[in-house]
Amino acid sequence: MSTSERVDSQKAPEPVGLYPHARRVGNLLFLSGVGPRERGTKKIPGVELDAEGNITSYDIEAQCHSVFRNVRYILEDAGSSWDKLVDVTVYLTDMKKDFPTYNRLWAEYFKDNPPCRTTLEINRLPTPIAIELKCIATIGDE
């Protein structure tokens with residue numbers, strides 16, 4: 001049985017609970033859910049909140065760029081890379097409104113080696129974000 005090794009990125013946003021950014025098991029890397037927040041701040045790219053913390057507006061394109069950047073940070077800090085992603089589950093809070101933009105950006109980011117993908121609409125995420133990714137990648141030589 002293979003043991004798992006915890007991976008914590010110094011560039012990706014801090015987790016909102018008790019979990020690592022990722023765990024390595026053998027040559028597989030399992031990422032915890034990754035959103036578009038920025039490390040060291042409560043700021044979420046493209047999100048405007050009211051005084052009670054409710055979303056008044058958001059820019060899904062800005063959030064997509066930020067979440068992809070955060071995934072890349074974790075992959076690189078773990079010794080993997082963007083082209084080694086093999087499976088991605090994407091959670092959107094508004095499929096009808098946001099899927100076309102997200103799908104266009106996905107095609108730009110993954111034009112050379114797209115991983116498997118599942119996209120789901122969910123009611124909400126733990127922070128005021130509109131997208132979160134759950135990823136599996138390889139690490140080292142295949």
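Analyst: What follows takes the terms in turn and sets them against their definitions. This is a predicted model, in which local features need pLDDT of at least 70 and side-chain atom pairs count only at pLDDT 80 or more, whereas totals for chains, interfaces and linings use all residues. Residues are numbered from 1 along each chain as its sequence is written, and side-chain values use heavy atoms, with hydrogens and water left out.

User: What makes β1 and β7 the edge strands of the sheet?

Analyst: Six strands form an open sheet with mixed pairing, in the order β1-β2-β3-β8-β6-β7. Strands here are DSSP runs of E with at least two residues, helices are runs of H or I with at least four, and both are numbered from the N terminus; two strands pair if DSSP finds at least two bridges between them. β1 (4-7) and β7 (116-121) each pair on one side only, and they are therefore the edges. From one strand to the next the twist averages 15 degrees.

User: How do you know that β2 and β3 are paired?

Analyst: Four bridges join β2 (residues 22-25) to β3 (residues 28-31), and the two strands run antiparallel. As pairing requires at least two bridges, the pair qualifies.

User: Which residues of α2 are called buried, and against what do they pack?

Analyst: Buried means under 20% relative accessible area, exposed means over 50%, and partly exposed lies in between, with a 1.4 Å probe and protein chains only. In α2 the buried residues are D98, T101, Y102, L105 and W106, and the buried residues of this helix pack against β5 (55-58), α1, β6, β7 and β8.

User: Why is T89 called buried while Y73 is called partly exposed?

Analyst: T89, found in strand β6, has a relative accessible area of 16%, which is under 20%, so T89 is buried. Y73, in helix α1, has a relative accessible area of 26%, which lies between the two cut-offs, and Y73 is therefore partly exposed. The contacts of Y73, leaving aside neighbours within four places in sequence, are with S9, K11 and A12, and the C-alpha atoms of Y73 and K11 are separated by 6.0 Å although these residues are 62 apart along the chain.

User: What makes the link between T119 and Y102 a polar contact?

Analyst: A polar contact is a pair of N or O atoms within 3.5 Å; within protein, one must be able to donate a hydrogen and the other to accept it, and residues adjacent in sequence count only if both atoms are side-chain atoms. The side chains of T119 and Y102 make such a contact at 2.7 Å, and the side chain of T119 makes another with that of R117 at 3.5 Å. T119 lies in strand β7, and beyond four places in sequence T119 touches V90, L92, M95, F99 and Y102.

User: Which residues have the most contacts inside the largest nonpolar core?

Analyst: Such a core is a set of buried Ala, Val, Leu, Ile, Met, Phe, Trp, Tyr and Cys residues joined through side-chain atoms within 4.5 Å. The largest has 29 residues, and those with the most contacts inside it are L31, V71, L85, I131 and L133. The elements giving two or more residues are β3, α1, β6, α2 and β8, with α1 giving the most, seven residues.

How values were computed: Axes fitted to C-alpha atoms, helices over the stretch in contact; angles between N-to-C directions. Contact = heavy atoms within 4.5 Å.
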